[in-house]
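Please study the sequence and the structure before reading each solution.

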Amino acid sequence: GSLDFPPNITTRTIAVPVGGDTIFELDETLFLTLSAAVNATLPAGPATGTILNDDPRPRLSVANVEVTEGNTGTTNAVFTLELSGVSSQEVAVSFVTADGTATAGGDYAATNGTVRFPPGIAATNLTVVVSGDPVFEAAETFFVDFSNLENAGLDTSRATGTILNDDPFPIISINNPSVTEGNAGTTDLVFTLSLSVPSSQPITVNYTTTAGTAVVGEDFVPTNGTVRFPPGATSTNVIVLIKGDFVFEPNETLFVDLSGEANANLS
């Protein structure tokens, strides 16, 4: 527009409306240019108006994630990255996964890279692929570490992913074997202990022999101890030595009693 200075007036005002917003941005400038002066001379260049940002610098936070693993294939653990406010600048952050109790390559796929928030965007996702299996195990964890943040503050430097087990608790069962005694020496009577499902945890159970109609020391050698299932194993054996003889007798029985199981139940 145009502006008049009446005689004897030395100051006039031009108001430029500035729009407010809630977006973090750098200070911004605009120019006011004067031209076509009558009865006066003009300054050499335009006047500069500066719009000062009054919105806080956004801060990045990342929520922890829990995901059920499944028995086969893969499941996505989706981390949500959020800025406390939008920005007129691109925000970028580097990330890399790290093992907790979960193992990269077995329980999840390791990954790294950079997440970017385009100007005006306040939330985005980061996906870590989790592998399913039929093995009973405790809940396992992995981490996503964040660094090298650009144009924002960092509230979360590490987020935790928890892989929840969905496999049933292992059950220990034992069979009822039989063996021909023989006429001399000893013969192995092999009891097989089985797990209903494999486990990532070591499983133990105590055992001891007791007499049924068989006589301890005469018909079999008493024994006791602890059976261990290494992680991933589903069967193991307990051997009782049976003594041979030339005596005619009815079939005889003995028992193997299980107790003190750890990380499993007894059938």
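Arg 116 counts as partly exposed, since its relative accessibility is 46%; buried means under 20% relative accessible area, exposed over 50%, and partly exposed in between (1.4 Å probe, protein chains only). The model is predicted: local features need pLDDT of at least 70, side-chain atom pairs count only at pLDDT 80 or more, and totals for chains, interfaces and linings use all residues. Residues are numbered from 1 along each chain as its sequence is written, and side-chain values use heavy atoms, with hydrogens and water left out.

**Exercise 1.** Determine which side chain meets Arg 116 in a salt bridge.

*Solution.* Step 1: a salt bridge requires a side-chain nitrogen of Lys or Arg within 4 Å of a carboxyl oxygen of Asp or Glu. Step 2: the partner is Glu 90, at 3.4 Å from N to O. Step 3: Glu 90 lies in the loop between strand E5 (74–83) and strand E6 (91–99), whereas Arg 116 belongs to strand E7 (residues 112–117), 26 residues apart; strands are DSSP runs of at least two residues (E), numbered from the N terminus. Step 4: Glu 90 is partly exposed, at 36%.

**Exercise 2.** State how many salt bridges the structure holds, and examine the one formed by Asp 145.

*Solution.* Step 1: the structure holds 3 salt bridges. Step 2: Asp 145 pairs with Arg 158, their closest N and O atoms being 2.6 Å apart. Step 3: Asp 145 is in strand E9 (residues 140–150) and Arg 158 in strand E11, so this pair ties together parts 13 residues apart in sequence. Step 4: Arg 158 is partly exposed, with a relative accessible area of 41%.

Technical notes
Helix = DSSP H or I, 4+ residues; strand = E, 2+ residues; numbered from the N terminus.
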